[in-house]
Amino acid sequence: MLNTERKPITGKRVQLMATCLCDAFYDDVAVATVQVLEHLGVEVVFPDGQTCCGQPAFNGGDWAASRKVVRHTVKTFAGDEPVVVPSGSCAAMMFHGTVLEFEKEPDLGEVEALGRRTWELGDFIVNGLGVKTWPGRFAATVAFHRSCHSRGTGSSAAAATLLGSVAGLKIVEFGEGEQCCGFGGTFSVAFPNISASMGALKLDHLRAVKPDVLVSGDMSCMMHLGGLAKEEGKPIKTMHLAQVLRDALKNVGQL
Amino acid sequence: MRFQQIDQFAAELKADTRAAVYDGSKKGHEKRTKLLFDEFPDANRLRHIAGEVKQHVVENLDTYLPQVEAKLKANGVIVHWAATAEAANQAVLGIMRARGATKMVKAKTMVSEETELAHFLEKHGMEALETDLGEFIVQIDGDHPSHIVKPIIHKNRREIATSFEKNGLGAYNDDPQTITRRARNFLRHKYLEADVGLTGANFVSAESGRLVLVTNEGNSRFCLAATKCHIAMVGIEKIVPRDYDLALFLNLLARSGTAQEVTVYTEFISGPKSPAQPDGPEEMHVIFVDNGRTEVLASDCRDILRCIRCGACLNVCPVYRQASGHAYRSVYPGPVGAVLSPLLMKEKFPQKADLPKASTLCGACQEVCPVNIPIPDLLLRLRNRAKEENVPSPGTPPMGAWALLASQPTAWKASLFGGKIINYLPTKLLPIPALRAWEAKRSLPEWRGGEFRKWLKTRKSRVD
Ligand code: SF4
């Protein structure tokens, strides 16, 4: 389904694509991403001109607008280091969505080249760097939400591998784990009723297994589910994969 | 309208209906997954192969259609070509009139739903009776199917019992077996009275000209038992290259559609009754229906023509489960319908350009599709087409200003800082509809624009 063919990792330097969501709301997720990568001895470069991957307009159907942003992103992430992004959705945009919207464009080649070196964080750690266990300790029962844009990629399995290896951490399965949380980008505001009903269903399944924390590789799903739960007056604790990995290190004084 | 029609429909849906659709879809999906993945070591491989075979057919229809026509003719079948729904219906009417026929028994066929054949025939004084139990119930109710495999997924048995009573099919009784028996008794007589039997075809083999029909009630076989004339209405994309390919497709169709290893009845029809056969229709017609398919073929969404109408994408779709089939205002609902229905509208595409928006692009549909159609990609292409044709899209935020901002780093950084205003102002006062739609259902996290960049500047890298 997705164009997931990637260049093998050689150097120990990456460019960080922080995502617009972390830039605007979730700075600690971006911080944790940097800390996790640096713990692995990876040098992190942050191209300062970065904005957004272009996905909102791509999903909204305004491909001309999206391409404008993607062209900017391609320029900003020049070079040949891997680009690491703490979001399965933005990663899929870079290696699949952009290819679709640039199909008939003369600069398709450059866009594809960036896609081939873009990795979702968990996928990068496990399948790029070959790291399969995580040190530290995180004593909690975790429900892991597989975000939809990581379907067909190595991301969900990678996250499960990492989380499963953390001392003290217990993963609980919940009902209909394969179903979407209802976010869907512009869908969440153009179809607010269906979006919220889907989210409510997900929350029911989650609450049934009583996790201490809900973890995902995508903050967009967490923003939706966390926001719904809070609005209902029954907040749930949400974290990004990077934050769990970072806190695991912190808890044993490795950071 | 502030939001999308489908969202509005879902919000107003009766709780009963939602529950029926949700439960039916979920059960269908779970059984399918179990059957497919328990029994085949690599079910995904099968989906991919089947997809490639069907894509090959779609891209070579110009060679396969004449080949099929020649085979059918050699088998004694009369072949008709119908460019439009109207032409297809007229062809059926013509055949009936030529035989002096007035009564038709009909098996389930989606393409005849597409052309609204039953209504058309009734308007012209013919009786056209649906014999698939679900379709029969829809017909006596004056309702519409809401699922391509389970037309009455939206109804519970109490509603069915009520409509049976209303239509003179016995006193109220909502026991499913009683309902089925009553329908069967009624239909048995109709089979005997009918002049013409109409079916679709799930597959047509280009190699042999064989039509393949699958049902679980055996009604298509009954439709052809006593009638002297068989008419098959077939979409031009129903071809498979060889008889051999049917092994793959029949396996996938039954498992994906109804979670069965094989459907209860699978019929292979090679032509009208031969002199050696004791009974069966003496005359057989195949009407190949285009009705917009050529336009789909010419578009960048031609992959949707691979569809074998199994309904698996409906069952798994979280939006379909919430909204029900009727929300899509089309013969084809759910993910497949969100692609196919607007395309079949041809130049009236804008009327259904909202359908492709009714998806979170979660990709579950492609994951289950037995012919691996990249439905999310096609939905995205149609969204872009709607934008290019300037079709208004309620609730979708405009992207022009955002794109400008997101391609100018200085402006972007300034807005990261400026966005903090949402932490202090009641958002209800802000003239941003998307924000309000968000906040109607969800609270917004604290705006921390630029904080990460600040952190980067002040910290020391741990890697030298
Ligand atoms: S698109 Fe695929 S899953 Fe959906 S009905 Fe057609 S064949 Fe089945």
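Chain B puts 74 residues in contact with 73 residues of chain A, where contact means heavy atoms within 4.5 Å. This is a predicted model: local features need pLDDT of at least 70 and side-chain atom pairs count only at pLDDT 80 or more, while totals for chains, interfaces and linings use all residues. Residues are numbered from 1 along each chain as its sequence is written, chains are lettered from A and ligands numbered from 1 in the order written, and side-chain values use heavy atoms, with hydrogens and water left out.

**Where B meets A**
- Together the two chains bury about 6,300 Å², 62% of it on carbon and sulfur atoms; that is the accessible area (1.4 Å probe) lost on putting the two parts together, summed over both.
- The rule finds 9 salt bridges across this interface, each a side-chain nitrogen of Lys or Arg within 4 Å of a carboxyl oxygen of Asp or Glu.
- Asp62(A) and Lys387(B) meet this way, at 3.8 Å, N to O.
- Helix H18 (residues 375-388) of chain B gives the largest share of the B side, 7 residues; helices here are DSSP runs (H or I) of at least four residues, and strands (E) of at least two, numbered from the N terminus.

**A sheet in chain B**
- Have a look at the open, mixed sheet of 4 strands, ordered S8-S5-S6-S9 (chain B); strands pair if DSSP finds at least two bridges between them.
- Strands S8 (239-240) and S9 (265-269) of chain B stand at the edges with a single partner strand each, so one side of each has no neighbour in the sheet.
- S6 (residues 211-215) of chain B runs antiparallel to S9(B) over 5 bridges, with Val214(B) opposite Thr266(B).
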